[in-house]
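Please keep the structure open while reading the numbered points.

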Amino acid sequence: MLPAFAALVVFAVAMVIQAQPIAREAARAEREASAAREVSRFLMDLFDVASTTRGQRDSVTARELLDQGARRMGEQAGGDRLTQTRLADAMGMAYLKLGLLGRAKALIDHALHTRRELLPADHRDLAASLDSAGLLGVRLRHYDEAEKLLAEALARREKALGPRHPDVASSLEHLALLYREQGRYDLARPHEERLAGIAPKHGGTGATASTEVETLALQREVVLPKDVVRLVGSGTQAGLVAAVGRQGVYLVDLEGSAAPAFSPLPAGDEVVGGAGPGELAIRSKGRLLLRDLFPREGRITERVVAEGLGEDEQVTVDRRSAVLAHANARRLRVLSLGESGRPALVDRTIAALPRRLLVTGRFVAWVAPDRTVHVVELSTGQEVLAARDWEGQVNALAIEDLSGRLAVGGWFDEVFVYDLTGRRPPT
């Protein structure tokens with residue numbers, strides 16, 4: 001009798017011990033479901049408000065909808081801090097996509113602080129907040145802080161989700177973006193290669209393997225001065241953009257909180273493109289200058305990055321304003337704009353003045369007079385392509401850094417695509 005009773009007691013104790021983690025997991029699942037319901041209810045209420053507002057006038061912008069949500073968040077999220085945090089992170093990322101970095105920072109920082117306080121170290125939402133804060137740091141150009149946050153997010157996601165999860169791909173993409181913007185291509189490349197291997201199978205945030213066409217919607221409108229002909233760079237603070245007019249350069253506040261500032265350009269000076277926070281690449285009297293036209297303090301400053309430019313010399317800047325290429329009939333050079341004093345990334349002799357010149361964060365490409373397209377990889381300085389597979393002229397060049405693909409547009413709607421990594425033949 002006693003052995004049976006003892007066995008029953010042992011069994012009961014074991015069941016109690018086993019039930020504890022089950023109960024904890026069930027409670028966690030219920031909290032997650034409750035948070036999802038609260039978020040859904042909040043968004044439905046917000047769109048109801050938007051519908052009422054739309055009845056009073058033609059349309060409601062994405063920014064107005066977010067502003068309404070930010071005001072209502074504390075009142076409508078049921079008082080639960082984690083639910084409010086989930087909303088804050090989502091709205092912060094939406095502000096980030098709109099380019100409203102000041103508003104994004106307040107929400108994303110709040111979400112990260114709260115999740116660090118309330119969630120265990122291996123929680124997926126904490127890693128998401130680290131990734132959001134890191135991406136925001138890249139946009140704000142707080143590179144050291146962004147690197148720490150993104151590296152922590154990547155490590156937590158790899159440990160919790162495995163090396164090929166879409167969330168891991170997102171962190172890899174953001175780290176690669178950070179390193180490219182700093183001109184640290186040797187660090188960006190391993191992350192890009194890992195991402196290229198993940199994105200095709202998991203449909204992650206990387207754009208390399210997607211064949212779907214995304215339709216872009218207008219997010220907001222910014223009124224520019226009437227003589228503006230193009231946007232070229234960014235200001236020293238988030239939310240500012242430089243715009244070239246016929247007589248000079250404007251500094252435009254994208255949030256509309258201040259009127260555009262204006263700085264005139266001397267006659268003969270030509271703005272080539274943006275050159276990093278607050279600086280513009282300007283061609284002036286045979287020199288290539290990086291000039292800060294809108295310093296926070298003091299006078300306008302400039303530094304010379306190239307001299308002796310001929311009138312026909314070609315100059316171009318990559319779309320992130322991180323590298324600059326210039327070429328004449330004898331020489332091609334690529335310079336990093338993020339690090340003054342750094343040696344040229346590429347410095348090579350060429351046979352003739354290029355017909356076209358293109359530089360990205362990873363490659364420089366040019367079209368020779370004989371219509372041959374040459375491509376050099378910046379991180380190695382090696383030529384990875386010299387091709388002429390078309391009959392007529394080259395009308396366009398485009399490079400997608402992440403996948404390492406070059407598109408060459410020729411006559412009669414011909415487009416040739418090359419894999420610059422050498423893994424696939426041209427198509």
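1. An open sheet is formed by four strands in the order β9-β10-β11-β12, with antiparallel pairing; two strands count as paired if DSSP finds at least two bridges between them, and strands (E, at least two residues) and helices (H or I, at least four residues) are DSSP runs numbered from the N terminus. Because β9 (314–317) and β12 (346–349) each have a single partner strand and stand at the edges, one side of each is left without a neighbour in the sheet. On average, neighbouring strands of this sheet are turned by 10° against each other, direction ignored.

2. On provenance, this is a predicted model, in which local features need pLDDT of at least 70 and side-chain atom pairs count only at pLDDT 80 or more, whereas totals for chains, interfaces and linings use all residues. Residues are numbered from 1 along each chain as its sequence is written, and side-chain values use heavy atoms, with hydrogens and water left out.

3. Within the sheet of the opening point, strand β10 (residues 323–327) and strand β11 (residues 331–336) run antiparallel and are joined by five bridges. Leucine 324 has leucine 335 in β11 as its bridge partner.

4. Which strands flank β7 in its pairing? Strand β6 (residues 279–284) is joined to β7 by six antiparallel bridges, with alanine 281 standing opposite leucine 290 in β7, while five bridges join β7 to strand β8 (residues 301–306), again antiparallel, and here leucine 289 stands opposite valine 304 in β8. The hairpin of β6 and β7 has two residues between the strands, and in it lysine 285 takes a positive phi near 50°.

5. Strand β7 (residues 287–292) is largely enclosed by the rest of the structure, because five of its six residues are buried (under 20% relative accessible area, with a 1.4 Å probe and protein chains only).

6. Helix α3 (residues 81–98) packs against helix α5 (residues 124–140) at an angle of about 25°, their axes being 11 Å apart; axes are lines fitted to C-alpha atoms over the stretch in contact, and angles run from 0 to 180 degrees between N-to-C directions. The two helices, α3 and α5, are therefore roughly parallel to each other (angles under 35 degrees).

7. In the contact (heavy atoms within 4.5 Å), Arg86, Asp89, Met93 and Leu96 in α3 meet residues of α5 including Asp125, Ser129, Leu135 and Arg139. The residues of this contact divide into four nonpolar, two polar and four charged.

Key
Buried < 20%, exposed > 50% of the residue type's maximum accessible area, 1.4 Å probe, protein only. Parallel < 35°, antiparallel > 145°, perpendicular 65-115°, else oblique. Nonpolar A, V, L, I, M, F, W, Y, C, P; charged D, E, K, R; others polar.
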